[in-house]
Amino acid sequence: MSSLVKEDLEKKLFKPLSQNLYEFIEIEFSVQDRYYLCVSVTKSEEVKIIMVKHYRIGLDEKYEVTKKWSLNDLQMIDGKEADTDNPFFDLHFKKVYSLEAYSCASKYAFARTVNKLNHEYLKKDLQIVNFDSTYINDDSIWSSNNKDCLVLMRICFYAFNLVCLSLCPLPL
């Protein structure tokens, strides 16, 4: 489903703006409408963070840009609590925007993409706080091409280790 939404967003919103959509996550912003937080790159290689409202008129899907920021203006991403599984985070521009992602995994996917594009295009000292750095940095052992599986992969690794340890006989 998300690949269809991404394709639709690219076709109806980002391609006409001459931008490449890198990542989008659904955020809880309003009860009536759906909102997405998108990360895109312009032809002039400027990274944009865009909040998009998604609504329907009849059978037609419509997208409207409600807020737009430059990654250059982003000072910090605060994940609120690194030790708990929660979807809340703050984006610190001149103003602080408190957001709720659809899931904790999507919050991490957004932070990873912003971090990656920052290193690729800006190379500025962007603060990403209250996130487990193991899941944010691409150089970690848990990094993979399918970043949505990171949490599940780590849980499986620990579960496998526990099973192996429980099957080992204790020396007498």
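Across which strands does α2 lie, and at about what angle does α2 run to β1? In this predicted model, local features require pLDDT of at least 70 and side-chain atom pairs count only at pLDDT 80 or more, whereas totals for chains, interfaces and linings use all residues. Residues are numbered from 1 along each chain as its sequence is written, and side-chain values use heavy atoms, with hydrogens and water left out. Helix α2 lies across β1, β2 and β3 and runs at about 155 degrees to β1. Helices (H or I, at least four residues) and strands (E, at least two) are DSSP runs numbered from the N terminus; contact means heavy atoms within 4.5 Å; axes are lines fitted to C-alpha atoms, for helices over the stretch in contact, with angles from 0 to 180 degrees between N-to-C directions.

The strands β1-β2-β3-β4, in that order, form an open sheet of 4 strands with antiparallel pairing (two strands pair if DSSP finds at least two bridges between them). Its edge strands, β1 (19-27) and β4 (60-70), each pair on one side only. Strands β2 (residues 34-42) and β3 (residues 47-57) are joined by 8 bridges, and V41 stands opposite V47 in β3. Helix α1 (residues 2-14) lies across β1, β2, β3 and β4, at about 130 degrees to β1.

Another open sheet of 4 strands has the order β7-β6-β5-β8 and mixed pairing. Strand β6 (residues 88-92) runs antiparallel to β7, with 5 bridges between them; D90 stands opposite S98 in β7. Helix α2 (residues 104-122) packs on this sheet, touching β5 (76-78), β6 and β8. Just after α2, K123 takes a positive phi of about 55 degrees.
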